[in-house]
Amino acid sequence: MDRSAAMRAQFAAAAAVRRCDWELDRTRGFSLLLPHLANMRQAARILKVQAKWQLDEGRGADAVASLAALGAMAAQPGQDDIAISSLVGSAIAAQVSEAVGSAIDHGAIDAPAAEKLLDAFAGLKGDDAFCYGAAVLGEERMVRTSIDGCRSDADLRKLLAGATDGAVRQPPSLAEAQQQLGQLRPHYERAAKALANPDAAAAEAELRRIDAAAEAGRFGSLAGLLAPDFVKLLQSKLAAQESVAKLLATLQAIADGTQKPDDLRNAAVFLARASAAARAQPTDVQETVELLRLAPAAAEGEALARASVALARARADAFARLTGAAACRRGDFAARRGPVPSREPALLGGIRGAVRMSLADGLRKAREEKSAAPVATPVATACRVAAHLASDPTLARAMVAQRIWREAAAALADAAKCGPLPADAAERIEIAARTMPSADPFGFRLALERDAAAILAGRAGPEARLDPGDPRAQLLRQRGPSALLGYVAWLAAAEDAPLPSADDAVLVSVIDLYPADALASVRSAADAWRAAPEDRRPAARPAIPASLPEDEQRSRTRAFDPSRGVRFVDAASLAAAAGSDYAAMFEATARAAKAPAVTE
């Protein structure tokens with residue numbers, strides 16, 4: 001960052017200019033090069049890193065200035081009037097949403113900062129902020145220029161081969177192509193008008209009618225060969241527009257005072273940092289910390305000294321992040337933009353590892369002070385962490401929330417052997433424990449719905465949620481948590497995503513939740529699937545259109561199960577034990593409060 005300071009200052013100056021004209025030589029047609037687009041995306045990434053770095057160092061005003069520059073930059077590529085430039089503007093806008101969302105998640109955007117960002121993001125407002133309509137008209141001009149530049153049929157064949165990756169088998173003659181140019185313009189003009197329509201459903205319907213007319217030959221063969229996929233352009237436009245609209249609405253609410261920054265702080269951000277801090281601990285330190293938690297008599301000598309130093313340092317890092325997470329009112333793991341559910345072994349293992357470190361530290365102090373009081377804060381924090389995981393669950397998060405809850409209850413019972421829990425400490429634990437959704441402890445029922453939706457949608461988070469009455473999601477849920485968790489794990493293995501490993505250090509390992517034989521079964525099934533010939537290999541995800549009749553959707557969903565036969569974790573038993581595990585925390589708190597004092 002030090003070496004790039006001068007360059008980054010130029011980014012900020014460039015972003016302050018509302019008009020952006022690269023003086024493109026449009027006479028080159030399809031030969032026009034656009035190297036500035038890749039550079040702009042890279043500049044946006046650097047500005048995003050700069051803003052996060054400034055936030056991390058507590059330089060809020062500098063971070064807001066960086067975010068303002070990033071938002072202004074997103075409005076610039078679309079001024080090229082070229083489809084790929086509009087797509088790049090949308091991609092930069094996604095980075096804006098992520099970076100500003102991260103600042104909001106940290107509670108770093110107050111009312112004045114929100115006002116400043118709203119002013120800077122003026123170019124992102126409107127029904128076509130990334131100029132998709134103008135870009136389509138620019139594409140038509142590019143086609144016309146390219147064909148006008150041809151001098152022979154051979155020139156046209158070369159042009160079409162380059163524009164379509166050699167997919168054209170029977171290209172038109174140059175004379176035919178020139179005649180079709182007149183037909184082509186209405187095709188692009190109708191598409192441009194549809195893309196500028198603020199009614200998304202009407203826009204898509206019109207673009208599909210235009211596509212059907214093009215396939216019928218109404219606009220000549222060039223329309224099918226050279227026109228971009230207008231429906232995909234619309235989808236990109238709408239995704240960017242929706243992301244920006246949500247961001248602007250949140251900023252406006254903060255600016256108006258209807259949303260308080262502290263209420264928007266996201267526990268997932270703090271938990272991710274705590275997870276990283278736990279995973280960074282050396283293996284031998286992790287082993288000794290676990291001994292302090294479970295078998296303190298076995299922790300001794302130099303290893304104990306190193307673990308004590310590590311715990312002291314963790315108070316300002318991992319423990320502070322856990323405390324920050326506990327104070328948050330919301331936990332939104334989709335804000336981290338992570339991949340699908342089972343691919344969280346590092347994050348979830350690290351979160352539980354940080355909680356374990358905190359419990360170990362509390363138990364060590366409880367033994368020294370002959371009182372259960374020192375464990376109260378770590379246990380209450382563990383309850384809040386578990387509640388955050390349960391409030392935005394996947395089956396993997398629900399399992400980890402349940403295990404954190406059990407380990408916190410066990411630590412409380414252990415601490416009670418050292419002396420009674422003070423009444424105020426017992427009250428703090430009970431208050432924290434009540435934040436767990438008691439109707440669905442640890443979130444197993446909601447997680448089943450979420451994971452089914454994520455599989456069908458191909459992504460995770462709230463945006464993956466389907467209508468609860470959707471027959472495809474219903475049938476996936478009916479297979480139960482064990483089968484669905486096995487499918488999600490198989491999907492991760494089939495797509496070469498990280499799975500839990502026996503090589504993970506003990507403190508952050510989740511191999512106890514995903515036993516080695518279960519993982520071996522998943523990997524074996526995924527290997528067999530990959531080894532099958534492509535024409536006989538079932539799809540990894542169910543491609544079952546919602547437009548089909550309901551009976552057909554149900555039939556296809558029942559038949560679809562590429563992970564059939566995989567034996568995995570008995571998540572059904574874990575879900576069945578959720579109620580008793582939830583109650584056990586309150587019972588452990590009551591017993592600890594009544595524990596006898598320990599005398600020498």
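Visitor: Which helices do the buried residues of H16 pack against?

Guide: Helix H13 (267-279), helix H15 (301-314), helix H17 (345-369) and helix H18 (376-391). A helix here is a DSSP run of H or I with at least four residues, a strand a run of E with at least two, numbered from the N terminus. Buried means under 20% relative accessible area, exposed over 50%, partly exposed in between, with a 1.4 Å probe and protein chains only. H16 covers residues 318-327, and its buried residues are Ala318, Phe319, Leu322, Gly324, Ala325 and Ala326.

Visitor: What kind of model is this?

Guide: This is a predicted model: local features need pLDDT of at least 70, side-chain atom pairs count only at pLDDT 80 or more, and totals for chains, interfaces and linings use all residues. Residues are numbered from 1 along each chain as its sequence is written, and side-chain values use heavy atoms, without hydrogens and water.

Visitor: How many helices and strands does the chain have?

Guide: There are 27 helices and 0 strands. Along its principal axes, the C-alpha trace spans about 105 × 55 × 45 Å.

Visitor: What share of the residues is buried, and what share of the contacts joins residues at least 24 apart?

Guide: Of the 600 residues, 51% count as buried. Contact means heavy atoms within 4.5 Å. Take the contacts between residues at least 6 apart in sequence: 79% of them join residues at least 24 apart.

Visitor: How many positive and negative side chains does the chain have?

Guide: Lys and Arg count as positive, Asp and Glu as negative; His and the chain ends are left out. The chain has 74 positive and 74 negative side chains. Each charge is placed at NZ of Lys, CZ of Arg, CG of Asp or CD of Glu. The centres of the two sets lie 1 Å apart.

Visitor: Now a single residue. Is His36 buried or exposed?

Guide: His36 is buried, with a relative accessible area of 6%. His36 belongs to helix H2 (residues 35-56). Beyond its neighbours within four places in sequence, His36 touches Trp22, Leu24 and Asp80.

Visitor: Which residues is Ala135 in contact with?

Guide: Leaving aside neighbours within four places in sequence, they are Asp81, Ile82, Ala83 and Ser86. Ala135 lies in helix H6 (residues 132-148) and is buried at 1% relative accessible area. Ile84 is 51 residues away along the chain, yet the two C-alpha atoms are separated by 8.4 Å.

Visitor: And where is Tyr188 found?

Guide: In helix H8 (residues 174-195). Tyr188 is buried, with a relative accessible area of 0%.

Visitor: How is empty space found?

Guide: Rolling a probe the size of a water molecule over the atoms shows where empty space is left. On a 1 Å grid over the protein atoms alone, a pocket is an open set of points where a 1.4 Å probe fits, with protein on both sides within 12 Å along at least five of seven lines; lining residues have an atom within 4 Å of a point. Points are joined across faces, edges and corners, and the volume is the space filled by probe spheres set on them. The second largest pocket holds about 300 Å³.

Visitor: Which residues lie nearest the centre of the second largest pocket?

Guide: Of 15 lining residues, those are Phe30, Ile82, Ile84, Glu139 and Met142. Helix H4 (83-105), H6 and helix H10 (221-226) each supply at least two lining residues. H4 gives the largest share, 3 residues.

Visitor: Which loop holds Glu23?

Guide: The loop between helix H1 (5-15) and H2. Look at its backbone: Glu23 has a positive phi of about 50° although it is not a glycine. Glu23 is exposed, at 71% relative accessibility. Phe442 also has a positive phi, near 70°. Phe442 sits in the loop between helix H20 (423-433) and helix H21 (444-457), and is buried at 0% relative accessibility.

Visitor: Last one. How many residues of H22 are buried?

Guide: In helix H22 (residues 471-478), 6 of the 8 are buried. They are Pro471, Arg472, Ala473, Leu475, Leu476 and Arg477. Their cover includes H21, helix H23 (480-494) and helix H25 (550-559). Just after H22, Gly480 takes a positive phi of about 90°.
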